[in-house]
Amino acid sequence: MGSMRRSSVRLLIGFLLIRLNWCSAVGDKGAEKVGVAFPVVVSTWPFREAVRAAWKVVSTGEGWGSAVDAVVAGCSACEDLRCDGTVGPGGSPDENGETTLDALVMNGATMEIGAVAAMRYVKDGIKAAKLVMEHSEHTLLVGEKATAFAISMGLPGPTNLSSPESIEKWEKWKQNHCQPNFWKNVDPVGKCGPYHPINLASVEVEGSVKNEVVGSQGGLCQGYFESDNLLEPIKSNLKVVNRHNHDTISMAVIDKMGHIAVGTSTNGATFKIPGRVGDGPIPGSSSYGDDEVGACGATGDGDIMMRFLPCYQVVESMRQGMDPRDAATDAISRIARKYPDFIGAVFAVNKEGVHAGACHGWTFQYSVRNSSMQDVEVITVYP
């Protein structure tokens with residue numbers, strides 16, 4: 001009887017070891033087995049250098065090896081590299097030609113969050129967010145006051161966040177009559193502002209072309225490629241929003257102790273209306289994490305995605321028992337039912353290191369490193 005009991009215990013231990021040492025990734029072939037759980041680093045897009053920077057911290061103990069420090073290191077690397085021109089300084093200009101930064105960091109052990117939005121003149125977005133978390137009771141600081149706070153806490157500045165590339169992009173956009181843009185239901189159509197609201201209920205619309213313009217404004221950004229092109233309104237999801245002007249690094253890390261942290265950094269939508277804040281610094285939208293459950297990161301059309309808090313939804317779905325793939329798919333499908341033309345994606349990783357992704361409107365890639373891998377691996381997810 002005693003030998004049978006010992007055999008049962010061995011089998012149980014063996015099962016638990018197997019359970020802890022495997023995770024699942026969703027790629028172009030569906031689910032496949034990949035290695036060991038902790039530590040784990042996951043990031044939106046093929047931002048390999050960012051994942052390597054985070055991995056160096058969380059795997060070797062540099063910077064204490066915490067999940068929070070790893071997230072900050074990874075996002076900082078992307079800011080320095082100006083990943084895709086949409087992270088860090090020198091990237092996406094707004095309508096005034098200025099680059100501003102949004103960033104967030106979250107500690108999944110304590111649920112503390114620090115974030116900055118529309119921050120000017122300081123290039124270290126994710127570090128500023130961490131300072132908000134560490135040195136204030138607040139969650140989010142914005143604009144020039146966020147700048148003043150970051151500089152007072154020791155970050156370098158004021159610094160011009162524009163670059164020759166961003167200024168050239170902005171000048172070409174102005175030459176194209178400031179099109180496409182993010183305005184709707186305004187005059188003038190097809191050229192730069194200042195814009196004035198159209199009272200759609202009282203304006204008498206003449207001509208079939210003008211009727212088409214007014215009728216297309218619900219949920220669409222108004223604009224045209226050329227000022228004399230009155231035939232083809234530009235849909236925001238097709239022309240204003242795309243892979244290289246609506247991008248974000250969103251990262252999740254599980255450290256050796258099983259603690260979770262997430263972070264995001266972005267310079268926002270190209271040619272955004274000055275003052276616009278996207279989903280990057282919004283907890284539960286661009287990222288969210290909880291030691292008890294797992295984490296999520298998002299990228300895409302933040303103006304739409306932030307209305308649904310997709311990463312909060314992913315984590316809560318996993319809390320209720322969904323696996324990461326189903327949780328990610330469910331969060332994206334909730335948005336798609338209301339906005340079938342939106343572009344976006346999420347990755348999900350549970351507290352055991354199982355990861356997956358889901359997307360809509362584009363092909364999405366996310367990067368992963370764990371202790372069974374020799375280097376970063378990029379997972380492709382199709383809509």
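This is a predicted model: local features need pLDDT of at least 70, side-chain atom pairs count only at pLDDT 80 or more; totals for chains, interfaces and linings use all residues.
Biologist: Why is Thr-248 called buried?

Modeller: Buried means under 20% relative accessible area, whereas exposed means over 50% and partly exposed lies in between, with a 1.4 Å probe and protein chains only. Thr-248 has a relative accessible area of 5%, so it is called buried.

Biologist: Where is Thr-248 found, and with which residues is it in contact?

Modeller: Thr-248 is found in the loop between helix H8 (236–240) and strand S9, where helices (H or I, at least four residues) and strands (E, at least two) are DSSP runs, numbered from the N terminus. Leaving aside neighbours within four places in sequence, its contacts (heavy atoms within 4.5 Å) include Thr-44, Trp-45, Thr-264 and Thr-299.

Biologist: How do you know which strands S4 pairs with?

Modeller: Two strands pair if DSSP finds at least two bridges between them. Six bridges join S4 (residues 101–107) to S10 (residues 260–266), running antiparallel, and six join S4 to S5, also antiparallel, so by that rule S4 pairs with S10 and with S5. In S10, Val-105 has Gly-263 opposite and Asp-102 has Thr-266 as its bridge partner, while in S5 the bridge partner of Ala-103 is Val-116.

Biologist: What makes S4 an enclosed strand?

Modeller: Seven of its seven residues are buried, so S4 is largely enclosed by the rest of the structure. Leu-101, Ala-103, Val-105 and Asn-107 point one way, and Asp-102, Leu-104 and Met-106 the other way. In a regular strand the side chains alternate between the two faces of the sheet.

Biologist: Why are S6 and S16 said to stand at the edges?

Modeller: The open sheet of eight strands has the order S6-S5-S4-S10-S9-S3-S15-S16, with mixed pairing. Strands S6 (140–142) and S16 (377–381) each have a single partner strand, so one side of each is left without a neighbour in the sheet.

Key: Residues are numbered from 1 along each chain as its sequence is written. Side-chain values use heavy atoms; hydrogens and water are left out.
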